[in-house]
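Here are my notebook entries from a first look around. Have the model open while you read along.

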Amino acid sequence: MTHTVSEHCEDCPVHNLGNLTRLGINMHQVDFVVALAGNPNTGKSTVFNALTGLRQHTGNWPGKTVARAEGGFEYGNKRFKIVDLPGTYSLLSNSTDEEVARDFILFGQPDVTVIVVDATRLERNLNLVLQVLEITDRAVLCVNLMDEARRNGIAVDVRQLARELGIPVVAASARQEEGIPELLKSIYEVASGTYVCRPYRLEKTSPSLEKAIGTLTAQLKSEFPDLPNTRWIALRLLEGDQKIIDSVKSGELKGLYRANSVNRVPQTAATAP
């Protein structure tokens with residue numbers, strides 16, 4: 001199923017922000033957690049403010065000097081907490097920013113990861129998009145700065161991009177709140193399970209590699225029973241990612257999972273979408 005930017009009349013709810021309540025720092029009893037990722041200078045903070053308002057909770061990530069911003073919004077009778085991740089070009093943990101962003105997507109298990117890209121530099125930004133899709137199958141791509149793209153004669157086929165990536169793709173100009181209603185709708189649909197993503201993955205593995213991944217995954221699950229994304233971690237171990245190797249040896253993986261976990265409202269029959 002592929003959802004794209006809908007062409008509706010201007011009076012339809014998807015074309016206004018009437019269903020959005022910006023909660024700022026009032027984020028008690030949230031139903032869903034949204035991670036906001038992207039390269040630097042893609043307008044990610046503008047998207048964050050468009051969704052949450054100007055008030056936000058700021059501080060540092062546990063044990064890091066990297067700034068952390070959080071805010072909230074209500075949409076479709078559900079409360080969302082949004083975590084603005086550090087701007088980064090990669091998730092390969094070559095810097096503290098990359099490590100923080102990777103760890104939250106990997107261990108925090110956000111219900112949706114929104115990846116903000118610059119429409120004028122789309123090819124360069126897709127590197128991060130593909131890395132995120134290796135970790136999570138619940139993502140939305142926000143192609144921001146469409147106003148600048150139009151001024152530069154750049155056209156982006158968001159429908160084709162959605163088909164290729166297997167996730168919702170929304171064209172936006174966050175400074176003018178263009179595309180924000182469609183972005184909210186896509187976030188809600190992915191979080192609630194109405195839209196099931198089938199993300200593009202870079203490589204198919206060989207039988208021998210699959211066997212090695214299976215062996216490592218089983219060992220990781222035995223040692224860290226609550227750990228999510230064990231397959232991705234197994235792949236990083238096989239690639240020789242030293243930070244992952246060290247965190248497995250020291251048992252720090254368990255601490256990373258706990259440090260990045262977020263409390264949500266239990267989804268009972270009464271609260272489930």
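Leu209, Glu210, Ala212, Ile213, Leu216, Thr217, Leu220 and Lys221 in α7 are in contact (heavy atoms within 4.5 Å) with Thr230, Arg231, Ile233, Ala234, Leu235, Leu237 and Leu238 in α8. I sorted these contact residues into 10 nonpolar, 2 polar and 3 charged. Here Ala, Val, Leu, Ile, Met, Phe, Trp, Tyr, Cys and Pro count as nonpolar, Asp, Glu, Lys and Arg as charged, and the others, Gly among them, as polar.

A note on the source: this is a predicted model, where local features need pLDDT of at least 70 and side-chain atom pairs count only at pLDDT 80 or more, while totals for chains, interfaces and linings use all residues. Residues are numbered from 1 along each chain as its sequence is written, and side-chain values use heavy atoms, leaving out hydrogens and water.

Next I looked up Cys142, which sits in strand β7 (residues 139-144). Is Cys142 buried or exposed? I found Cys142 buried (under 20% relative accessible area; exposed is over 50%, partly exposed in between, with a 1.4 Å probe and protein chains only), at 0%. Leaving aside residues up to four places away in sequence, Cys142 touches Val47, Val114, Ile115, Val116, Val117, Val170, Ala172 and Leu183. I also checked Ser173: its C-alpha lies 9.5 Å from that of Cys142, and the two are 31 residues apart in sequence.

My last stop was helix α2 (residues 96-107). Of its 12 residues, 10 are buried, so α2 is largely enclosed by the rest of the structure. Among them are Phe104, Ile105, Leu106 and Phe107. After α2 comes Gln109, with a positive phi near 50°.

Methods: Helix = DSSP H or I, 4+ residues; strand = E, 2+ residues; numbered from the N terminus. Expected span 1.5 Å × (residues − 1).
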